Amino acid sequence: MRRYEGGEVRGPPRGGHFYRDPKVRSHIYLDHNATTPVDPRVREAMQPYLETAFGNPSAAHGLGREAKAALEGARETVAGLLGTADKDEVVFVSSGTEADNLAIAGAGLAYQERGRHIITSAVEHPAILEACAALEDGGFSVTYLPVSGQGMLDLDELRRAVRPDTILVSLMHANNETGTLFPLGEVGAITKERGILFHTDAVQSFGKVPLHVRHLNIDLLSLSAHKIYGPKGVATLYVRRGVRLRPLLRGGEQERGRRGGTENVPAIVGLAHAARIMFLEMPGEGERIRKLRDRLEAGVLARIEGGAVNAQQSPRLPHTSSLTFDGIEAQTLAAALDLEGIAVSAGSACHVGSLQPSHVLRAMGLNLEQVEGTIRFSLGRLTREGDIDRVLEILPHLVTRLRAKAPLTR
Ligand code: PLP
């Protein structure tokens, strides 16, 4: 019987075609925090489960058992990478958004007899903020911790926010817009001492910086495959043994009753394989990408006046750069870069279609003009030195052109 046991990870993508594929390379892709392409090694690991090994993992026959073995192998892999030997602590879900919702609503509702107060931060992803808002509508109270101008958390504020009825603290590991890393170890020590559950949204950090659920006293953790060169629409909620959850999806006993619905076996195998590759390559890749990011930031600051790096003084992810330029509209700059074949994200809109100014940058004290003048570069496995050189060549011209066109009063 086939069993996905982590599979063998072979060196760099074979033949390097991942990087040379003209369809991929026609763009300089600097938006890895939005999503990443599926690594060919991941696609290959998924292939059998899309074709011949298609059984339902809940079925008792051979094809079902084969799918079940793959599912459990993937669970074991993810558990090991998270820092636990207990694979039943890994729950597969459909997205980082679902993982976040399940953590907040699932734990919030399961523990409401103990208290109805939750602590989070003002800079979380909307999947957390809106799940908290929904609980507030149902009578919970939520404290949104502020951050400093550098996007950093004040641990004393956290200590002061804890109340006798606090049941859950949810604080993200890395911020998707600025890359700022919250001090999870210190947070975990506080929640453990006070007997409060600790959830972290590690969607942006998992596989990119070291993370160990046991060492950090984490009870619940969200991660998502499409940020780590895996497929879209599959994610994990880590749930420490003994932590109760009220399921959001009912109607099946899958995932030990914590998440109904037939498991997406090919995608889950893809998630596990993508995660393995991330951890194997983390030391070298992290350093390579950090150097490219630092070169980008230093080059931009040297070439463009009135530019600033957000959260530069904080511990940050190695590949994320949030840059604010005086006197430009980031949406227009991002569109101009796109015309040049360079994909970035305008920091003022955290989601496509959203015209809301970034709540993250606002919480850091940037004024509206600065928020609207912010773009995010997020580097990754696709990024090469030549890409950074090209950005440094083109960006100063675009900024000058846009500033010349900008109205004198904004
Ligand atoms: N949390 C953070 C920090 C994110 O950056 C994202 C995606 O951008 C999510 C949650 C949601 O993940 P998904 O796209 O898998 O729903």
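I looked up Ser378 first: its relative accessibility is 0%, so Ser378 counts as buried (buried means under 20% relative accessible area, exposed over 50%, and partly exposed in between, with a 1.4 Å probe and protein chains only). I note that the model is predicted, that local features need pLDDT of at least 70 and side-chain atom pairs pLDDT 80 or more, while totals for chains, interfaces and linings use all residues. Residues are numbered from 1 along each chain as its sequence is written, and side-chain values use heavy atoms, with hydrogens and water left out.

**Entry on Ser378**

I found Ser378 in strand β13 (helices, H or I with at least four residues, and strands, E with at least two, are DSSP runs numbered from the N terminus). I then asked which residues Ser378 touches, not counting those up to four places away in sequence. They are Tyr29, Leu30, Asp31, His32, Asn33 and His319, where contact means heavy atoms within 4.5 Å. A polar atom of the Ser378 side chain lies 2.9 Å from the backbone nitrogen of His32. For the backbone nitrogen of Asn33, the distance to a polar atom of that side chain is 2.8 Å. I count these as polar contacts (a pair of N or O atoms within 3.5 Å; within protein, one must be able to donate a hydrogen and the other to accept it, and residues adjacent in sequence count only if both atoms are side-chain atoms).

**Entry on helix α8**

I listed the buried residues of α8 as Leu184, Val187, Gly188, Ile190 and Thr191. Seen down the helix axis, they fall within an arc of 160°, so they line one face of α8; the arc is that of the directions from the helix axis to the C-beta atoms. Lys192 and Glu193, on the other side of α8, are exposed. The buried residues pack against α7, β5 and β6.

I examined Thr191 separately. Thr191 counts as buried because its relative accessibility is 2%. Its side chain reaches the backbone oxygen of Gly188 at 3.1 Å. Beyond its neighbours within four places in sequence, Thr191 is in contact with Val169, Ile196, Leu197 and Phe198. Just after α8, I noted a positive phi of about 70° at Gly195.

**Entry on helix α10**

In α10 (residues 330-339), the buried residues are Ala330, Leu333, Ala334, Ala336 and Leu337. Their arc around the axis is only 160°, which puts them on the same side of α10. Among the elements they pack against are β10, α12 and β13. I also saw that Gly341, which follows α10, has a positive phi, near 85°.

Ser121 has Leu145 in β4 as its bridge partner.

**Entry on the ligand**

How many residues surround the ligand? I recorded 13, of which the closest are Gly96, Thr97, Asp201, Ser224 and Lys227 (a residue is near a molecule if one of its heavy atoms lies within 4 Å of it). An N or O atom in the side chain of Asp201 lies 2.6 Å from a nitrogen atom of the ligand. For an oxygen atom of the ligand, I noted 2.8 Å to an N or O atom in the side chain of Gln204. An oxygen atom of the ligand is also 2.9 Å from an N or O atom in the side chain of His226.

Definitions and conventions:
Two strands pair if DSSP finds at least two bridges between them.
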